[in-house]
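Here is a walk through one protein chain, taken a few residues at a time. Keep the structure open and follow along.

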Amino acid sequence: MEKKYQLDTEENQSFLKGVRENLLAFGRRFPSPGGGSWYLGDDGTPWKERNRETWITARMAHVYSLGTLLGYEGSGELADAALRGLVGELHDEKNGGWYAGLTANDEIVPTKQCYAHAFVILAGTSAVLAGRPGAGELLEEALELYDARFWNEEEGLSCDTWNTEFTVLDDYRGLNANMHTVEAFLAVADAVGKEEYRVRAGRIIGRVIGWASNNHWRIPEHFTRDWEPNLECNKEHPADPFKPYGATPGHGIEWARLITQWALSSAKKTETESKKRDYAEFISSAEKLYTRAVKDAWEADGAPGLVYTTDWEGKPVVHDRMHWTLAEAINTSATLARVTGCGKYADDYACFMKYLDEKVLDHINGSWFHQLNEKNEVIGTVWPGKSDIYHALQATLIPYYPADLSIAPAVAAD
């Protein structure tokens, strides 16, 4: 395997630096006049006929806050543009919180999404660390709103979707929003020292591991209002971008890294040896999640790449390869290689890097292709264009920063 694909080589670090610079350059055209993020097309041109989504805008605030911390010219102004959208056109002054988005005609996209609000929290923490004006106030409001509307202290989990006015709560419960809630909560604990959010992240993680361990380490994604797994959800629409049928190996991989981060960071804060051993058990669970997901998904149909979804026996359902799944595989394989010292994870990392370079990087227009079919041909049935750079940018950083810290605090401390 070429050195440019191998973890901890100068060649690999240089390769990722080039990918990172390309991504930050590619995303520069995202700001709309009101700050909400345009959805980016194949060459980075804004697709202005599409909605300006809160989750994309928050992601752009996060990544250009990272760019600011890394010293990339112009990143501060771009982070500020996204923040302007979050405190302005995407913010619901009447009912509180953030709209799902705005249409091309400036009409409100209905509902209030836990998923989007988790990303507003993440954006706020990164922007605070990057010293962006108004970031502290944004984070404070986002936490207060989230605690009031989405977090359920009794269940130790978050609900998913309200109507726009916060008067009707949808019965659906899901783990995608809870996964990004864990990401956001860990960032809050790391960035501003609110340790109660690390504790909350652990409560979510405990529930997820319980469900996964009872399901051959394939994570149920969709639930009833009483948190009963709904394993048949969307069987007739298996390629849904947010609620696909079956197991989503990319989420198993992503959970594995977040669990590892939480366990390591929590272990650092205890002096009790028995508790430290307990946290080590969570890393063992993370390895099982990762191993199951990669075994099910990688080259599952004979071609390189990670399939989007499988059934509950591990057979591929949607064979398409999504860029975010690869990004998370890069992050988690590097993290587990460092934490466990096991060579198989470093080998996986090199395979994922090679696949990134040969199939997923767009060497002509920039950024990463967001969706490929089972023949690794670019398609756009689920994710046309290149909506944002969040997953891809983090995959150029997480492999080389401490595994027990959220990425923005880690970069800020470097």
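Start with Asn234, which is partly exposed, with a relative accessible area of 22%. This is a predicted model. Asn234 lies in the loop between β11 and α8. Its phi is near 60°, a positive value in a residue other than glycine. Most residues other than glycine have a negative phi.

Trp217 has a positive phi as well, near 65°. Trp217 sits in the loop between α7 and β11. Is Trp217 buried or exposed? At 19% relative accessibility, Trp217 counts as buried, because the cut-off for buried is under 20%.

Now turn to helix α7. Helix α7 covers residues 196–213, which makes 18 residues. From first C-alpha to last, α7 reaches 26 Å, close to the 26 Å expected at 1.5 Å a residue. Which residues of α7 are buried? They are Tyr197, Arg198, Arg200, Ala201, Gly202, Ile204, Ile205, Val208, Ile209, Trp211 and Ala212. An α-helix has 3.6 residues a turn, so residues three or four places apart point the same way.

Take Arg198. Arg198 forms a salt bridge with Asp190, and the closest N and O atoms are 2.9 Å apart. Both partners, Asp190 and Arg198, are buried. The pair belongs to a network of salt bridges that links Asp190, Glu195, Arg198 and Lys269.

Ring pairs link Tyr197 with Tyr146, Phe150, Trp151, Trp162, Phe166 and Phe185.

Ile205 and Glu144 are 61 residues apart in sequence. In space they are 22 Å apart, C-alpha to C-alpha. Glu144 is found in helix α5, residues 135–149. Glu144 counts as exposed, at 59% relative accessibility.

Trp211 brings us to aromatic pairs. The count of such pairs in the model comes to 24. Trp211 and Trp227 form one that is stacked, at 5.7 Å centre to centre with 25° between the planes. The pair links distant parts of the chain, 16 residues apart. Trp211 is in helix α7, while Trp227 is in the loop between β11 (222–223) and α8 (249–268). Both Trp211 and Trp227 are buried.

Tyr290 lies in helix α9 (residues 273–297) and Tyr345 in helix α11 (residues 343–360), so the pair ties together parts that are 55 residues apart in sequence. Both Tyr290 and Tyr345 are buried.

Return to salt bridges. Their count comes to 22. One of them joins Glu232 and Lys235, with the closest N and O atoms 3.3 Å apart. Glu232 counts as partly exposed, at 43% relative accessibility. Lys235 is also partly exposed, with a relative accessible area of 45%.

Another salt bridge joins Arg321 and Asp301, at 2.8 Å from N to O. What does this bridge tie together? Arg321 lies in strand β14 (residues 321–322) and Asp301 in the loop between α9 and β12 (309–310), so the pair connects parts that are 20 residues apart in sequence. Arg321 counts as buried, at 2% relative accessibility. Asp301 is partly exposed, with a relative accessible area of 25%.

Now look at a charged residue without such a partner. Arg20 lies in helix α1, residues 10–26. Arg20 is buried yet has no salt bridge. The nearest side chain of opposite charge is Glu21, 6.8 Å away. A salt bridge needs a nitrogen within 4 Å of a carboxyl oxygen. What does Arg20 contact, leaving aside its neighbours within four places in sequence? Arg20 is in contact with Leu70, Tyr72, Leu393, Thr396 and Leu397.

Finish with a sheet. Three strands form an open sheet in the order β3-β4-β5, with antiparallel pairing. Its edge strands are β3 (52–53) and β5 (108–109), and each pairs on one side only. β3 pairs with β4, residues 101–102, over two bridges in the antiparallel sense. Within that pairing, Arg52 stands opposite Leu102 in β4.

Technical notes:
Residues numbered from 1 in each chain as written. Predicted model: local features only at pLDDT ≥ 70, side-chain atom pairs only at ≥ 80, totals over all residues. Heavy atoms only, no water. Pairing = 2+ DSSP bridges. Helix = DSSP H or I, 4+ residues; strand = E, 2+ residues; numbered from the N terminus. Buried < 20%, exposed > 50% of the residue type's maximum accessible area, 1.4 Å probe, protein only. Lys, Arg positive; Asp, Glu negative; His and termini not counted. Contact = heavy atoms within 4.5 Å. Expected span 1.5 Å × (residues − 1). Phe/Tyr/Trp six-rings, centres within 6.5 Å; stacked < 30°, edge-to-face > 60°.
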